[in-house]
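The sequence and structure are shown first.

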Amino acid sequence: ATGVVALEMLCGFGKLNRMLNWSPNSKPSPERSNELHEYFKDFDNLYAALSDDLGVSDNYLMDMLVGMFQLECKHRCTAREAAKCQWLKSRDCTTPTMLS
């Protein structure tokens, strides 16, 4: 969940649906789960999708998102772990221009 929130904050609402070619009204289902697993087996898909919206991706940002989108729960980073990532540490989150 934290990965999707971060993704949508960075790239806009509905980014995951656009990445997976889902309609805005798509509902969770076993088929959607299979599509997620297939898509995130290869993180090149995530790199390409982020590059489309953000241009050249920051390696620290990519590390954080890859950790958040791990398919196996035991390998996925928690929100607490993500909050400690280098990308967030390198941002001044107290100003409105933190993404620039």
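The sections below describe a predicted model, beginning with the helix pairs and ending with the pocket.

## Helices H4 and H5

Helix H4, which covers residues 44-54, packs with helix H5, residues 59-68, at an angle of about 130 degrees, and the axes of the two helices are 11 Å apart.

On the H4 side the contact is made by Leu46, Tyr47, Leu50 and Leu54, while H5 contributes Leu61, Met62, Leu65 and Val66. Sorted by class, the contact of H4 with H5 consists of eight nonpolar residues, with no polar and no charged ones.

## Helices H1 and H4

H1 and H4 pack at an angle of about 30 degrees, and their axes are 10 Å apart. Since angles under 35 degrees count as roughly parallel, H1 and H4 are described as roughly parallel to each other.

In this pair, Leu7, Leu10 and Cys11 of H1 meet Leu46, Leu50, Asp53 and Leu54 of H4. The contact of H1 with H4 divides into six nonpolar residues, no polar residues and one charged residue. Leu46, Leu50 and Leu54 of H4 are also listed in the contact of H4 with H5.

## Helices H1 and H5

The axes of H1 and H5 come within 8 Å, and the two helices cross at roughly 140 degrees. That angle makes H1 oblique to H5, and H1 passes H5 in a left-handed crossing.

The contact involves Thr2, Gly3, Ala6, Leu7 and Leu10 from H1, together with Leu61, Met64, Leu65 and Met68 from H5. By class, the contact of H1 with H5 has seven nonpolar and two polar residues, and no charged residues. Leu7 and Leu10 of H1 also take part where H1 meets H4, and Leu61 and Leu65 of H5 are also found in the contact with H4.

## The largest pocket

The largest pocket holds about 520 Å³ of space. It is lined by 24 residues, of which Val4, Leu16, Trp22, Leu36 and Phe69 are the closest to its centre. The elements that give two or more residues to this lining are helix H1 (2-11), helix H2 (15-19) and helix H3 (30-39).

Among the elements, H3 supplies the largest share of the lining, with four residues. In terms of class, the lining of the largest pocket is made up of 12 nonpolar, eight polar and four charged residues.

Methods. Residues are numbered from 1 along each chain as its sequence is written. This is a predicted model: local features need pLDDT of at least 70, side-chain atom pairs count only at pLDDT 80 or more; totals for chains, interfaces and linings use all residues. Side-chain values use heavy atoms; hydrogens and water are left out. On a 1 Å grid over the protein atoms alone, a cavity is a set of points where a 1.4 Å probe fits but cannot get out, and a pocket is an open set with protein on both sides within 12 Å along at least five of seven lines; lining residues have an atom within 4 Å of a point. Grid points are joined across faces, edges and corners, and a volume is the space filled by probe spheres set on the points. Ala, Val, Leu, Ile, Met, Phe, Trp, Tyr, Cys and Pro count as nonpolar, Asp, Glu, Lys and Arg as charged, and the others, Gly among them, as polar. Axes are lines fitted to C-alpha atoms, for helices over the stretch in contact, and angles run from 0 to 180 degrees between N-to-C directions. Contact means heavy atoms within 4.5 Å. Angles under 35 degrees count as roughly parallel, over 145 as roughly antiparallel, 65 to 115 as roughly perpendicular and the rest as oblique. A crossing is left-handed if the near helix is turned anticlockwise from the far one by less than a right angle, and right-handed if clockwise.
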